[in-house]
Amino acid sequence: MTQALTPSPSDCNVKIVIYVDTAKARTGSTQGIYMVDNRAPKSYSEGTANLDTYCNTNDYICWRILPIDPDTHDTVAITSFDQSLAWGYGGNPKASDNTNTVWVGRAENQGNNQTPINIIITESNKNPVTLKINPVLNVNG
């Protein structure tokens, strides 16, 4: 039995970028997290941690997480996605590289579904901080 390959970011027609103000997010606040996508004008709440992204059934979605200030020694990564009705049987997002900064998934079920994302912020010589953000995928047929 052959295992299916994880789609690459180039397979995605929906792109979501998560920008992290690590100084603010290290305090435990999601106010330092800004999400944007390429689905305007059908998406809502861009620039917040609660982005509502419009997509269609079977769309591949790519999430990329980046620190706003690349000169810090902070790193940011997605550690996992929680269960969501959006994923269906085989659409659960998977990391596309070993840094966990780019993940790819597929929207399989119609509806307005929360897609909780767990992230980690790491700075040298300090304890890492984990946060959960709760964006939404508005999956249409």
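Student: Leaving aside its neighbours within four places in sequence, which residues is Asp-52 in contact with?
Tutor: In this predicted model, Asp-52 is found in strand 3. Once the neighbours within four places in sequence are left aside, the residues in contact with Asp-52 are Asp-37, Ser-43, Tyr-44, Ser-45, Asn-112, Val-136 and Asn-138.

Student: How many Å away from Asp-52 is the nearest side chain of opposite charge?
Tutor: Asp-52 is buried and yet has no salt bridge. A salt bridge would need a side-chain nitrogen of Lys or Arg within 4 Å of a carboxyl oxygen of Asp or Glu.

Student: Which side chain does Arg-39 meet in a salt bridge, and how many residues apart in sequence are the parts that the pair ties together?
Tutor: The side chain of Arg-39 meets that of Asp-59 in a salt bridge, at 3.7 Å from N to O. Arg-39 lies in the loop between strand 2 (33-37) and strand 3 (52-56), while Asp-59 lies in the loop between strand 3 and strand 4, so the parts tied together by this pair are apart in sequence by 20 residues.

Student: Are Arg-39 and Asp-59 buried or exposed?
Tutor: The word buried applies under 20% relative accessible area. Arg-39 has a relative accessible area of 18%, and Asp-59 has a relative accessibility of 7%. Because both values fall under that cut-off, Arg-39 and Asp-59 count as buried.

Student: Which residue meets Asp-82 in a salt bridge, and in which strand does that residue lie?
Tutor: The side chains of Asp-82 and Lys-132 meet in a salt bridge, with 2.3 Å from N to O. Asp-82 lies in the loop between strand 5 and strand 6 (94-95), and the pair ties together parts that are 50 residues apart in sequence, because Lys-132 lies in strand 10 (residues 129-133).

Student: Which residues are linked with Glu-123 in a network of salt bridges?
Tutor: Glu-123 is buried, with a relative accessible area of 19%, and its side chain meets that of Lys-126 in a salt bridge of 3.5 Å, N to O. The network of salt bridges links Glu-123 with Arg-26, Asp-74 and Lys-126.

Conventions. Residues numbered from 1 in each chain as written. Predicted model: local features only at pLDDT ≥ 70, side-chain atom pairs only at ≥ 80, totals over all residues. Heavy atoms only, no water. Helix = DSSP H or I, 4+ residues; strand = E, 2+ residues; numbered from the N terminus. Buried < 20%, exposed > 50% of the residue type's maximum accessible area, 1.4 Å probe, protein only. Lys, Arg positive; Asp, Glu negative; His and termini not counted. Contact = heavy atoms within 4.5 Å.
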